[in-house]
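Look at the charged side chains in the structure below. The text that follows goes through some of the contacts between them.

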Amino acid sequence: MERTLSIIKPDAVQKSVIGKIVDRFESNGLRIAAMKKVKLSAEDAANFYAVHKERPFFKDLVEYMTSGPVVVMVLEGENAVAKNRELMGATDPKEAEPGTIRADFAESIEANAVHGSDSLENAEKEIRFFFAEREIL
């Protein structure tokens with residue numbers, strides 16, 4: 001049983017599609033082990049995305065992720081990391097397979113509706129960033 005982190009980003013929260021996205025996870029065998037709605041500070045967003053600090057899009061990413069509330073979740077299930085990434089679709093919604101979350105709900109490569117951990121190692125770090133163990137049920 002794996003755990004992974006998922007974030008419903010500001011554009012999707014603003015569009016009121018939280019329930020539709022959560023349903024995609026649950027309907028495909030992923031269980032919500034923890035979930036909360038938060039408003040990231042610039043410091044939080046910069047720390048979370050520190051791996052991209054030297055990339056040209058970093059400042060815009062921090063601004064975008066602090067532009068409104070996000071929903072952070074711990075998803076649990078068999079092959080949770082890979083399953084979540086499959087459900088999300090390609091980063092660029094124009095390249096995402098039909099029926100994926102990004103194909104259906106994302107606006108652009110920048111406002112792409114969701115984030116998902118890309119490895120078990122990163123999932124563990126990202127989950128600890130947002131959740132105490134006692135919050136994961």
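Predicted model: local features only at pLDDT ≥ 70, side-chain atom pairs only at ≥ 80, totals over all residues.

Residues are numbered from 1 along each chain as its sequence is written, and side-chain values use heavy atoms, with hydrogens and water left out.

The structure contains eight salt bridges, each being a side-chain nitrogen of Lys or Arg within 4 Å of a carboxyl oxygen of Asp or Glu. One of them joins Arg 3 to Glu 76, at 3.0 Å from N to O. Arg 3 is in strand 1 (residues 2–8) and Glu 76 in strand 3 (residues 70–77), so this pair ties together parts 73 residues apart in sequence. Strands (E, at least two residues) and helices (H or I, at least four) are DSSP runs, numbered from the N terminus.

Glu 76 also meets the side chain of Arg 31, at 2.6 Å from N to O. Since Arg 31 lies in strand 2 (residues 31–38), the pair ties together parts that are 45 residues apart in sequence. Glu 76 is buried, at 14% relative accessible area, whereas Arg 3 is partly exposed at 28% and Arg 31 partly exposed at 39%. Here buried means under 20% relative accessible area, exposed over 50%, and partly exposed in between (1.4 Å probe, protein chains only). A network of salt bridges links Arg 3, Arg 31, Glu 76 and Glu 133.

Another salt bridge is formed by Lys 15 and Glu 107, at 3.8 Å from N to O. Lys 15 lies in the loop between helix 1 (10–14) and helix 2 (18–27), and Glu 107 in the loop between helix 6 (101–105) and strand 4 (114–116), 92 residues apart.
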